Amino acid sequence: MKHWSLGFLALLLIHQQEIQIQVEARDGFITTRGVHFLLNGSPFYANGFNAYWLMYVASDPPQRAKVSSAFQEATSHGLTVARTWAFSDGGYRALQYSPGSYNDQTFQGLDFVISEAGRYGIKLILSLVNNYESFGGKKQYVDWARGQGQNLASDDDFFTNSVVKGFYKNHIKAVLTRRNSFTGVEYKDDPTIMGWELMNEPRCTSDLSGRTIQSWITEMASYLKSIDSNHLLEVGLEGFYGDSATQKQQLNPKFQVGTDFIANNQISDVDFATVHSYPDVWLAGTSDESQLSFLNSWITNHIQDAQSVLQKPLIFAEFGKSWKDPGFDTNQRDEMFNTVYSAIYSSARGGGAAAGGLFWQLLTDGMDSFRDGYEIMLSETSSTASLIAEQSQKLNKIRKMYARIRNIEVWKKARNIKKGGDPGK
């Protein structure tokens, strides 16, 4: 009876701690603690992909099988996160066809994407507007404001004009409070969503100091968090260094875009940092060796800064190499993927800030019109697909290792209680 009682006490302690952990993690929502992501108390690593097209394709019901196929292929390679657009402003099959007016068929496409991602166990990062004209972007918002009598000089007025900012805040609210037509759950309450992204690759070249973007991020991050305290938030940054780290501006690829990797990510409502990596575009015309050298330095410095300065998790949210590059061969792309993946794994294994990478971009069969040179078809790219699956396996081993350590700590606390000691030791 005594042994049974002690065993029950240990089990009760474990159960209580699991309840506490689940409450801390808010029942399946990804959270952060220091430089780590957590899911239900255990480390979470984001080996994943970009698929900007998910909502667009899913808004046509006969095409939704492509979304399911992409998720199925992703999970078969161990991928855990997808980044995609929660915007399409103006134009064909728009989500928002005028300020505050939405196409419910397109919204149902996004509903399906979220529902299907949940079915396959994939977490989503949803971006809320584009810096570029594709799918409308900040230019569409500025044009809408001009149509209402606002005298705006450039697309960068997106970040400062009160009418435009009002349009964008309305979009944030419309998306976050959307009730999914498949699951019945409001987006802000759905743990399938890992986090929100304020903008895909924000740039404000009219103010290279970074102050305009800094003010905009501060305002919009605070507004978003006032509606949704469940989900994480990131900005959508490419990683360019600004005036807060002048000694590191030399690491930028010879140009500035008005963002500041350090200052922008130090904003309290920003939960994790992102970096994009396109040496083939940023250093076009240079040798493959030069591009890899840049990539190594770019990755290393951002991991160090996320760890020591920001003290927040870091995701390499876009990277890839185009088969359209002169002299391309698959080995070059594999070498780039291996460079990114090795740095992430090395950091994660040592408890560092690098928490995952999302390659650009995943396609599935029957999507030739979406090919942009960077596409990865897991069914046809054997060597790259193998690297992707191997990275998933390696990160999963780290997750299991930390989970075992956590379980050992729980048992030690249970043992201390059994011996009448301090449960906190």
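Reply: Happy to! This is a predicted model, where local features need pLDDT of at least 70 and side-chain atom pairs count only at pLDDT 80 or more, while totals for chains, interfaces and linings use all residues. Residues are numbered from 1 along each chain as its sequence is written, and side-chain values use heavy atoms, with hydrogens and water left out.

Me: Which residue in the turn between S2 and S3 has a positive phi?

Reply: That is Asn-40, with a phi of about 55°, in a hairpin that has two residues between S2 and S3.

Me: What makes S2 and S3 paired strands?

Reply: Strands are DSSP runs (E, at least two residues), numbered from the N terminus, and two of them pair if DSSP finds at least two bridges between them. Three bridges join S2 to S3 (residues 42-44), so they pair, in the antiparallel sense. Phe-37 stands opposite Phe-44 in S3.

Me: How do you know that S1 and S2 pair?

Reply: Four bridges link S1 (residues 30-33) with S2 (residues 36-39), again antiparallel. Here Thr-31 faces Leu-38 in S2, and Gly-34 in the hairpin takes a positive phi near 65°.

Me: Why is a set of residues called a nonpolar core?

Reply: The name applies because its members are buried (under 20% relative accessible area, 1.4 Å probe, protein chains only) Ala, Val, Leu, Ile, Met, Phe, Trp, Tyr and Cys residues joined through side-chain atoms within 4.5 Å. The largest one has 109 residues, with Phe-49 and Tyr-168 among those touching the most other members. Apart from it lies another core of 13 residues, including Ile-30 and Phe-37.

Technical notes:
Buried < 20%, exposed > 50% of the residue type's maximum accessible area, 1.4 Å probe, protein only.
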